[in-house]
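Welcome! Please keep the sequence and the 3D view at hand as you read.

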Amino acid sequence: MDLDPELYSSSYIPLQSVKRFLTESVPQLGWGKGGENDVVLDVGCGPGGTTIHLVLPLFPKLQKIIAVDVLPRVIESAESKNFHEKVEYRVANIEEWYAFDYKLNLD
């Protein structure tokens with residue numbers, strides 16, 4: 001599978017369920033209240049719009065977000081269109097977690 005990242009809307013419009021979970025459930029769970037050492041994993045980040053516009057604001061003090069997607073072309077698009085110094089985009093398939101050999105570099 002190699003979807004064209006241009007097939008995604010140019011303006012991010014997350015699924016209503018995703019938006020609701022992030023804006024309501026995350027604060028209720030107490031997430032985002034941590035310190036500057038917090039690292040957030042965004043699985044299935046797509047072109048990064050939701051990562052930048054919804055996830056990042058919920059975690060104002062975090063150290064970084066590791067945003068992963070299985071499609072290399074989508075990650076390339078995310079890096080160019082939704083760059084942020086606190087977001088690291090990576091190609092990964094969590095269905096094959098054993099192959100997700102990414103070591104957190106927190107220094």
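β2 and β3 run parallel and are joined by 5 bridges. β1 and β2 also pair in the parallel sense, again over 5 bridges. Two strands are said to pair if DSSP finds at least two bridges between them, and helices (H or I, at least four residues) and strands (E, at least two) are DSSP runs, numbered from the N terminus. Together, 3 strands form an open sheet in the order β1-β2-β3. Its edge strands are β1 and β3, each of which pairs on one side only. On average, neighbouring strands of this sheet are turned by 20° against each other, direction ignored; axes here are lines fitted to C-alpha atoms, for helices over the stretch in contact, and angles run from 0 to 180 degrees between N-to-C directions.

A word on the source: this is a predicted model, in which local features need pLDDT of at least 70 and side-chain atom pairs count only at pLDDT 80 or more, while totals for chains, interfaces and linings use all residues. Residues are numbered from 1 along each chain as its sequence is written, and side-chain values use heavy atoms, with hydrogens and water left out.

## The strand in the middle

How many residues of β2 are buried? 6 of the 6 are, so β2 is largely enclosed by the rest of the structure. Buried means under 20% relative accessible area and exposed means over 50%, with partly exposed in between (1.4 Å probe, protein chains only). In a regular strand the side chains alternate between the two faces of the sheet. Here Lys64, Ile66 and Val68 point one way from β2, while Ile65, Ala67 and Asp69 point the other way.

Several bridge partners can be followed by eye. Val39 stands opposite Lys64 in β2.

## Two helical crossovers

From β2, the unit made with α3 and β3 is a right-handed β-α-β unit. A crossover is right-handed if, with the strands pointing away from the viewer, the path from the first strand over the helix to the second runs clockwise.

α3 lies across β2 and β3, running at about 165° to β3. In α3, Val74, Ile75, Ser77 and Ala78 are buried. They cover an arc of only 160° around the axis, which puts them on the same side of α3; the arc is that of the directions from the helix axis to the C-beta atoms. These buried residues of α3 pack against β2 and β3. The face turned away from the buried side carries the exposed residues Glu76 and Ser80.

α2 (residues 49-58) is mostly covered, with 7 of its 10 residues buried. Among them are Ile52, Leu54, Val55 and Leu56. The buried residues of α2 pack against α1 (16-28), β1 (39-43), β2 (64-69) and β3 (87-91).

In soluble globular proteins, nonpolar side chains tend to be buried together. The largest nonpolar core in this model has 16 residues, and those with the most contacts inside it are Ile65 and Tyr89. A nonpolar core is a set of buried Ala, Val, Leu, Ile, Met, Phe, Trp, Tyr and Cys residues joined through side-chain atoms within 4.5 Å. α1, α2, β2, α3 (72-81) and β3 each supply at least two residues of this core, and α2 gives the most, with 4 residues.

Leaving aside neighbours within four places in sequence, Tyr89 is in contact (heavy atoms within 4.5 Å) with residues including Cys45, Ile52, Ala67, Ile75 and Asn82. Asn82 is found in the loop between α3 and β3. Is Asn82 buried or exposed? At 14% relative accessibility, Asn82 counts as buried. Again setting aside neighbours within four places in sequence, its contacts include Pro47, Gly48, His53 and Tyr89.

Pro60 sits in the loop between α2 and β2. At 59% relative accessibility, Pro60 counts as exposed. Not counting residues up to four places away in sequence, Pro60 touches Gly32 and Lys86. The C-alpha atoms of Pro60 and Gly34 are separated by 9.1 Å, and these two residues are 26 residues apart along the chain.
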